[in-house]
Structures are given as C-alpha cells and as structure tokens.
Amino acid sequence: MDKTILLVEDEPGLLLTLSDRLRSEGYTVETASDGPSGLTEAATGKYDLIILDVMLPGKGGLDVCRDLRQQGNTTPILMLTARGQVVDRVLGLKLGADDYVTKPFDMLELLARLEALLRRPAQTVGPSASYQLGDFRVDFRSTTVWRDGKTLALSAREFQLLRYFIEHRGETLSREELLRNVWGYEAMPATRTVDVHVAWLRQKLEADPKRPRFILTVQGLGYRFAG
Ligand code: CA
C-alpha cells in the first residue's frame with residue numbers, strides 16, 4: 001500500500017507495539033518520542049498520516065498539531081488522547097486534528113480509523129478557506145460558523161458534518177456514506193445517528209428548520225446540501 005506514517009509517542013512499550021503492528025499491516029513507519037522532534041519530522045512533509053499523542057515531553061501534541069496547521073501542513077492527524085480528556089479531543093479537532101482515539105484503544109479500531117483517513121480524498125476546501133451561503137458563513141480554519149453575524153455553537157461532529165456537506169454540495173449523500181466519511185468507520189449500526197445530527201444542524205442553521213433551505217432530505221436516499 002506504500003503509505004508512510006509518522007508515529008509520535010513517548011511510551012516506549014506502546015511505540016514498539018504500535019509501530020510493529022503498523023509495519024505488519026504494510027505501512028512504512030517512522031517514529032519520534034517527544035514533541036519537538038515530532039514537529040521537525042512532521043514538517044518534512046513526507047508523511048501520509050501522523051499519529052500524535054497528546055501528552056508528550058518537550059511540547060504537547062495539541063501544540064504540535066496547531067503549529068503544523070499554522071505552517072500550512074495538511075497531513076491527516078490522528079490524535080491519541082487519554083480516557084476522559086474530552087477537552088483535549090474537542091480542542092484537538094478545533095486545532096486541526098482529523099480524528100482521535102482514546103487510550104487504551106482497540107488496535108482494530110485504530111487501524112480502521114487510520115485507513116479511513118488515508119482513503120479520504122485531498123481536501124477540496126483548503127484549511128484557510130471560508131464559505132458563505134445566505135445568512136451563514138463558515139470559517140474552516142478557526143472552525144467557526146456565524147449566522148446573521150452571531151457565532152453558532154456547533155459540536156466538533158456537527159462541524160465535520162457541515163464541512164462534509166459543503167465539500168459535497170449538490171450531491172445526494174446516503175446516511176451510510178455520511179457515517180463512513182464523517183464518523184470515520186464502516187460498521188456503525190445506527191444510521192439514525194445521522195438523522196439526529198442533521199436535525200441539530202438544521203435547528204442551528206436554518207431559519208425554519210421544518211422547511212430547510214440548505215440541508216435537504218432526499219426521500220429514500222439521504223441528504224443533499226443546496227449551496
Ligand atoms: Ca504520552
């Protein structure tokens with residue numbers, strides 16, 4: 001498959017197990033065990049994906065993530081966060097991470113997540129781009145959404161869903177496709193999850209959520225973003 005992964009992790013045991021497993025899956029793996037060397041290595045730009053631990057000596061994973069994005073580096077980043085660090089996960093996504101898994105993680109889940117990130121097509125909307133439609137505006141870099149000039153409080157998932165809609169505006173998107181690409185794994189049982197998040201997004205974005213102008217229902221098929 002010829003994909004190169006940078007693994008930044010300071011726990012020697014985990015670094016070893018994880019890099020062995022990734023190599024046995026056919027990936028080329030380079031490692032770094034502190035923040036500054038991880039940042040230097042990642043900035044070479046030769047990686048297809050970066051696995052980044054949050055708690056690192058020298059410079060934390062969140063700072064490394066933010067610095068890379070500020071340098072214009074768009075390599076997909078999968079963060080490793082400790083159990084219960086909700087703040088880190090939300091902040092990580094806000095700072096530009098693409099996904100996260102919580103330690104201790106299931107190896108198969110981690111592999112599925114990183115495969116999903118590696119399959120993702122190159123971003124059609126650049127990290128600094130913004131998007132305007134009707135009375136709402138989205139800034140992808142700062143992950144901020146405004147409606148009528150007021151900031152909307154969107155969860156990280158709602159924002160990812162909105163971004164996916166905008167990137168695929170005009171296309172009919174099935175619930176399964178949305179689950180796979182926004183939630184990042186294939187076997188999630190409840191497609192209703194999508195409906196719930198769409199309803200929340202409509203509440204926030206649409207002037208009349210019962211008669212949506214932007215996120216349209218395509219009967220029997222899924223949703224389409226009119227933009
Ligand atoms: Ca650590």
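**Basis.** I worked from a predicted model, in which local features need pLDDT of at least 70 and side-chain atom pairs count only at pLDDT 80 or more, while totals for chains, interfaces and linings use all residues. Residues are numbered from 1 along each chain as its sequence is written, and side-chain values use heavy atoms, with hydrogens and water left out.

**Domains.** I looked up the division of the protein and found domain 1 (4-118) and domain 2 (130-225), with bounds that come from an automatic or database domain assignment. Their C-alpha centres lie 27 Å apart. Eight residues of domain 1 are in contact with seven residues of domain 2, contact meaning heavy atoms within 4.5 Å.

I then looked up the area buried between domain 1 and domain 2, which is about 660 Å², with 42% given by carbon and sulfur atoms; buried area is the accessible area (1.4 Å probe) that two parts lose on being put together, summed over both. Leu 93, Lys 94 and Arg 113 supply 51% of the area that domain 1 buries against domain 2, more than any other three residues.

Between the domains I found zero salt bridges, a salt bridge being a side-chain nitrogen of Lys or Arg within 4 Å of a carboxyl oxygen of Asp or Glu.

**Glu 158.** I looked up this residue in helix H6 (residues 156-167), where helices are DSSP runs (H or I, at least four residues) numbered from the N terminus. Glu 158 counts as buried because its relative accessibility is 4%; buried means under 20% relative accessible area, exposed over 50%, and partly exposed in between (1.4 Å probe, protein chains only). A polar atom of its side chain lies 3.0 Å from the backbone nitrogen of Ser 155. Leaving aside residues up to four places away in sequence, Glu 158 touches Ala 153, His 197, Trp 200, Leu 201 and Lys 204.

**Salt bridges.** By the rule above, I noted a count of 13 salt bridges. Arg 66 and Asp 63 form one of them, with the closest N and O atoms 3.3 Å apart, and both residues lie in helix H3, three residues apart, about one turn of the helix. Arg 66 counts as partly exposed at 30% relative accessibility, as does Asp 63 at 31%. I also noted that salt bridges with shared partners join Glu 9, Glu 11, Asp 53 and Lys 103 into one network.

Note on methods:
Helix = DSSP H or I, 4+ residues; strand = E, 2+ residues; numbered from the N terminus. Polar contact = N/O pair within 3.5 Å; in protein donor to acceptor, adjacent residues only side chain to side chain.
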